[in-house]
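Have a look at the structure first, and then we'll go through it piece by piece.

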Amino acid sequence: MATNKTKLRSDKPFSGIKVLLALVIGLLLGCAVAYFLKVLIDHSPADVNLRRLRLFYLMVISSGGLGGFAIETMRQLQSQATDPLYRAKNPSRGRGRK
């Protein structure tokens with residue numbers, strides 16, 4: 001019976017700076033979407049409470065930051081996965097096709 005010894009690869013350590021950079025990029029994209037929505041709402045005939053609008057913009061901006069944070073974190077964690085079953089070739093994914 002063969003033992004499966006898994007160890008983390010040290011050639012690509014987890015980079016917190018990249019995650020923070022992705023967070024900032026996500027926040028900037030969230031700000032752009034929130035500004036677009038602000039212009040859209042300002043030019044509509046709807047009468048919306050200012051406090052609710054600010055909370056809505058905050059939600060849009062924070063969801064952009066959370067999205068960037070999550071995407072970069074998962075990308076780095078997937079690149080460090082050592083489980084051979086996790087690394088199995090899946091022909092239905094886009095990476096294996098040429």
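## A walk along the helix pair

Glycine 64 sits in helix H2; helices here are DSSP runs of H or I with at least four residues, strands are runs of E with at least two, and both are numbered from the N terminus. Before going on, note that this is a predicted model, where local features need pLDDT of at least 70, side-chain atom pairs count only at pLDDT 80 or more, and totals for chains, interfaces and linings use all residues. Residues are numbered from 1 along each chain as its sequence is written, and side-chain values use heavy atoms, with hydrogens and water left out.

Back to glycine 64: its relative accessibility is 22%, so it counts as partly exposed. The cut-offs are under 20% relative accessible area for buried, over 50% for exposed, and partly exposed in between, using a 1.4 Å probe and protein chains only. Setting aside neighbours within four places in sequence, glycine 64 is in contact with Gly26 and Leu27, where contact means heavy atoms within 4.5 Å. Alanine 34 is 30 residues away from glycine 64 in sequence, with 9.8 Å between the two C-alpha atoms.

Now zoom out. The protein has two helices and zero strands. Of its 98 residues, 15% count as buried. Among contacts with a separation of 6 or more, 74% are between residues 24 or more positions apart.

How do the two helices meet? The axes of H1 (residues 16–42) and H2 (residues 50–79) come within 7 Å and cross at roughly 150°. These axes are lines fitted to C-alpha atoms, for helices over the stretch in contact, and angles run from 0 to 180 degrees between N-to-C directions. The residues of the H1 contact with H2 divide into 15 nonpolar, eight polar and four charged. In that scheme Ala, Val, Leu, Ile, Met, Phe, Trp, Tyr, Cys and Pro are nonpolar, Asp, Glu, Lys and Arg are charged, and the others, Gly among them, are polar.

| Residue | Relative accessibility | Contacts |
|---|---|---|
| Leucine 23 | 25% | Gly65, Gly68 and Phe69 |
| Isoleucine 41 | 22% | Leu53, Phe56 and Tyr57 |
| Threonine 73 | 16% | Phe14 and Val19 |

Leucine 23 lies in helix H1, and its C-alpha is 5.0 Å from that of glycine 68, 45 residues along the chain. Isoleucine 41 is also found in H1; 9.2 Å separates its C-alpha from that of leucine 53, 12 residues apart along the chain. Threonine 73, for its part, belongs to helix H2, and at 16% relative accessibility it counts as buried.

How many aromatic pairs does the structure hold? There is one. Phenylalanine 56 and tyrosine 57 form it, tilted, at 6.1 Å centre to centre with 55° between the planes. Rings of Phe, Tyr and Trp (its six-membered ring) pair if their centres lie within 6.5 Å, and planes under 30 degrees apart are stacked, over 60 edge-to-face and the rest tilted. Phenylalanine 56 is partly exposed at 30% relative accessibility, whereas tyrosine 57 is buried at 14%.
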